[in-house]
Structures are given as structure tokens and as C-alpha cells.
Amino acid sequence: QVQLADSGGGLVQAGGSLRLSCAASGRASSDYVMGWFRQAPGKEREVVASISVSGSRTYYSDSVKSRFTISRDNGKNTAYLRMNSLEPEDTAVYYCAAGDNSRYSGSYYVLEHMYEYWGQGTQVTVSS
């Protein structure tokens, strides 16, 4: 079992930056692929980024590529999402997630069903 606590959201002006954190407790996060998803009002939840156990492989959705950076510190059992050049379209609740690395070995974890554990979500609001 893994418990995830995501934090770091808030209100920021367009062009600003935020860093989200996802602290894992319970089983070591180094056994899990970590991902960030977001859900805007009236829209389905979508993948934002994911990172492999070692951190060597990352995935970004086209809408955030070059603006967001996912990282992890396995020693601290924490994953991060650095968000730069934020746009009003980035407004959403952001969720971190953990997926067992052994289930889809070699694949990018970009689908919700690949993840077993979810944080409670943190609100990001970008004003224009």
C-alpha cells in the first residue's frame, strides 16, 4: 500500500510558476512509476507527465511539453512537477499517482488504469 499526499497548488498569474509535490508513504515509492494527471471543470482527467522508477524516462503531454518538468527524489519518496509559463488553460485539479513498475514494464504510463494509488488532488488556478 502507498499513500500519496500532493501539495503545492495555488493561484498564480499567467506566465507564473508553481512546483507541485507528491509525498509517498508506506511502501517505497522507488517501486512505482509516478505520474501527474489533471482534471479541469467539465473535462475528463488527463495525463500530464510520468516518470520511470529511475527517473531516466519521462513522458509529457503535448500541451505541457517544454513548460513542465517532472522529477523524483527516491530518497525522499517524493515526486515533483515544476510548472513554468502557466496559462489559464492549465487551471485544474492536479493529481499525483503511483503505478506498479512491474505491471507494464517498458511502457509509458499514460493511462489512468496503469496507476493503483492516487493523491487527493491539489487545485491550480491560473488567472489571465
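User: What radius of gyration does the chain have, and what would a compact globule with 128 residues have?
Analyst: The chain has 14 Å, and a compact globule with 128 residues would have a radius of gyration near 14 Å, so the two agree. Keep in mind that this is a predicted model.

User: What does the C-alpha trace span along its principal axes?
Analyst: About 40 × 25 × 25 Å.

User: How many helices and strands are there in the chain?
Analyst: Zero helices and eleven strands. Read from the N terminus, the order of elements is β-β-β-β-β-β-β-β-β-β-β.

User: Contacts next. What share comes from residues 24 or more positions apart?
Analyst: Among contacts with a separation of 6 or more, such residues account for 59%.

User: And how much of the chain is buried?
Analyst: Buried residues are 45% of the 128. The accessible surface of the chain is about 6300 Å², and carbon and sulfur atoms hold 46% of that.

User: Switching to S61. Where is it found?
Analyst: S61 sits in the loop between strand 6 (58–60) and strand 7 (68–73).

User: Buried or exposed?
Analyst: S61 is buried, because its relative accessible area is 10% and the cut-off for buried is under 20%.

User: Which residues is S61 in contact with, leaving aside neighbours within four places in sequence?
Analyst: V47 and V48.

User: Last topic, charges. How many positive and negative, and how far apart are their mean positions?
Analyst: The chain has 12 positive and 12 negative charges, and their mean positions are 5 Å apart.

Note on methods: Residues numbered from 1 in each chain as written. Predicted model: local features only at pLDDT ≥ 70, side-chain atom pairs only at ≥ 80, totals over all residues. Heavy atoms only, no water. Helix = DSSP H or I, 4+ residues; strand = E, 2+ residues; numbered from the N terminus. Rg over C-alpha atoms; globule rule 2.2 N^0.38 Å. Buried < 20%, exposed > 50% of the residue type's maximum accessible area, 1.4 Å probe, protein only. Contact = heavy atoms within 4.5 Å. Areas by Shrake-Rupley, 256 points an atom, 1.4 Å probe, with all protein chains shown as cover. Lys, Arg positive; Asp, Glu negative; His and termini not counted. Charge placed at Lys NZ, Arg CZ, Asp CG, Glu CD.
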